[in-house]
Amino acid sequence: SFVQAAEGSTYGIVPYVDPPSTGSIAGIVGAGGNTGAVCFGLCFRQLDNIQTAFNIMGFTILGSAVVTALINIKGHRNMFGGEDSEAVKAAWQKKGETTLAVPVKDDA
């Protein structure tokens with residue numbers, strides 16, 4: 001469904017932000033999801049009109065979607081142009097290579 005696609009796209013950029021800190025960044029992204037769930041839950045519980053809660057949630061999602069177009073990850077081109085670094089270009093041009101290797105038993 002669309003929810004899983006959105007979650008996948010969110011977590012898909014985590015390793016590119018700062019590779020040595022991938023775990024910390026994934027934790028922050030996950031905490032952000034929980035924070036949003038709590039905030040929207042409080043909107044539905046505390047506001048008198050449920051339409052207002054839906055409007056707040058919808059405009060927050062639209063606003064965050066617009067802001068994501070401005071994400072710029074160092075070494076990668078952004079949504080509106082730019083140039084990939086040489087390392088990124090080289091990684092995309094590797095063909096027929098696998099990232100995992102099967103260990104070979106040493107006969108010695």
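In this predicted model, helices α3 and α4 are roughly antiparallel to each other, because their axes cross at roughly 160° and an angle over 145° counts as roughly antiparallel.

**Packing of α3 and α4**

- Two packed helices are described by the angle between their axes and the distance between the axes.
- Helix α3 covers residues 22–46 and helix α4 covers residues 50–68, and their axes come within 8 Å.
- The crossing in which α3 passes α4 is right-handed.
- From α3, the residues in contact are Phe 40, Cys 43 and Phe 44, while α4 contributes Ile 50, Ala 53, Phe 54, Ile 56, Met 57 and Thr 60.
- By class, this contact comprises eight nonpolar residues, one polar residue and no charged residue.

**The largest pocket**

- The pocket is lined by 21 residues, of which Ala 6, Glu 7, Thr 10, Gly 33 and Ser 64 are the closest to its centre.
- Helices α1 (2–12), α3 and α4 each give two or more residues to this lining.
- The lining consists of 11 nonpolar, nine polar and one charged residues.

Definitions and conventions
Residues are numbered from 1 along each chain as its sequence is written. This is a predicted model: local features need pLDDT of at least 70, side-chain atom pairs count only at pLDDT 80 or more; totals for chains, interfaces and linings use all residues. Side-chain values use heavy atoms; hydrogens and water are left out. Axes are lines fitted to C-alpha atoms, for helices over the stretch in contact, and angles run from 0 to 180 degrees between N-to-C directions. Helices (H or I, at least four residues) and strands (E, at least two) are DSSP runs, numbered from the N terminus. Angles under 35 degrees count as roughly parallel, over 145 as roughly antiparallel, 65 to 115 as roughly perpendicular and the rest as oblique. A crossing is left-handed if the near helix is turned anticlockwise from the far one by less than a right angle, and right-handed if clockwise. Contact means heavy atoms within 4.5 Å. Ala, Val, Leu, Ile, Met, Phe, Trp, Tyr, Cys and Pro count as nonpolar, Asp, Glu, Lys and Arg as charged, and the others, Gly among them, as polar. On a 1 Å grid over the protein atoms alone, a cavity is a set of points where a 1.4 Å probe fits but cannot get out, and a pocket is an open set with protein on both sides within 12 Å along at least five of seven lines; lining residues have an atom within 4 Å of a point.
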